[in-house]
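Me: I have a new structure open and would like to learn how to read it. Could you walk me through its features one at a time?

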Amino acid sequence: MAASCCGVKKQKLNNSMPASMCCNGSSVHPNGYKHNYSVASIEMCIFCFDVLHSHLHSYEPPKNPSFTNEAFPLFVTWKIGHSRRLRGCIGTFTSISLHSGLREYAVTSAIKDSRFSPIAKEEFSKLHVSVSILTNFEDARDYLDWEVGVHGIRIEFLNEKGHKKTATYLPEVATEQGWDILQTIDSLLRKGGYKGPIDHEVRKSLKLTRYRSEKLTLGYNDYVANKQNGHA
């Protein structure tokens, strides 16, 4: 089931992290190449660009890539321009084969995020793509049992009408917004559609799953340079 990764589109800095930091706080080159991830690779970002380019121009879809086809939950995020304004972010918490998953969500996040108009051909050369591979899912003891800047969180709760709702923030969101744990939980409840007063009892009643993310980002210029150097 698809899910959006962040809050409202006018939040400060949207869903971007500083270019010199990855979501676990370790230093990376601005193009995201330096990392010690076990799954995520820059080829995944290149593939997402290839897939979206083919879709926008009605070309033959790219062939299957050479990176691993293991199954993981994943999100694809598109941003645009020097300000890295959010243009779309959709993914799934269901483990999905990376080849088919990235092929699907590279397009879905670009054209079906209901918060935004579909990405147009004219925007392609201004885009940045981020691929987030989600790992290390754990049931938290309570709503406080996670760390800002380390974990992404997914909550399940009952709204005022007793209907089950879910919502998630990727690991970088709380840090970039400058939120603490309580602010993040309350914002996520609102994102998930909870409209009543939020107090300790409401927070205590929710179920929280924490997870980590391997995230890499690639801009259009670096995408072109990689293609020219024979990376695919």
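Me: What should I know before starting?

Reply: This is a predicted model, where local features need pLDDT of at least 70 and side-chain atom pairs count only at pLDDT 80 or more, while totals for chains, interfaces and linings use all residues. Residues are numbered from 1 along each chain as its sequence is written, and side-chain values use heavy atoms, with hydrogens and water left out.

Me: How many salt bridges does a search of the whole structure find?

Reply: Side chains of opposite charge can pair when their charged atoms come close. A salt bridge here is a side-chain nitrogen of Lys or Arg within 4 Å of a carboxyl oxygen of Asp or Glu. The search finds 10 of them. One joins D113 and R115, with the closest N and O atoms 2.6 Å apart. Both D113 and R115 are buried; buried means under 20% relative accessible area, exposed over 50%, and partly exposed in between (1.4 Å probe, protein chains only).

Me: Is R141, which has a relative accessible area of 74%, buried or exposed?

Reply: R141 is exposed. Its salt bridge partner is D145, at 3.3 Å between the closest N and O atoms, and D145 is buried at 11% relative accessible area. Another bridge links E201 with K204 at 3.5 Å. Those two residues lie three apart in helix α5 (residues 200-205), about one turn of the helix. Helices (H or I, at least four residues) and strands (E, at least two) are DSSP runs, numbered from the N terminus. Salt bridges that share partners also join E138, R141, D145 and R210 into one network.

Me: Which residues have the most contacts inside the largest nonpolar core?

Reply: In soluble globular proteins, nonpolar side chains tend to be buried together. A nonpolar core is a set of buried Ala, Val, Leu, Ile, Met, Phe, Trp, Tyr and Cys residues joined through side-chain atoms within 4.5 Å. The largest one has 36 residues, and W78, L102 and I133 have the most contacts inside it. Helix α1 gives the most to this core, with 10 residues. Apart from it lies another core, of 18 residues, including I155 and W179.

Me: How many residues of α2 are buried?

Reply: In α2, 10 of the 14 residues are buried, so the helix is mostly covered. Among them are L98, L102 and Y105.

Me: Where is F124 found?

Reply: F124 is in the loop between α2 and β4, and this residue is buried, with a relative accessible area of 6%. Leaving aside neighbours within four places in sequence, F124 is in contact (heavy atoms within 4.5 Å) with F49, L52, H53, L56, Y220 and Y223. The C-alpha atoms of F124 and L52 are separated by 8.6 Å, although the two are 72 residues apart along the chain.

Me: How many aromatic pairs are there?

Reply: A pair of aromatic rings is described by the distance of the centres and the angle of the planes. Rings of Phe, Tyr and Trp (its six-membered ring) pair if their centres lie within 6.5 Å; planes under 30 degrees apart count as stacked, over 60 as edge-to-face and the rest as tilted. The count comes to 14 pairs. F47 and F67 are edge-to-face, because their centres are 5.9 Å apart and their planes at 75°. Y220 and Y223 form a tilted pair, at 6.3 Å and 50°. Ring pairs link F49, W78, F124, Y220 and Y223 into a cluster.
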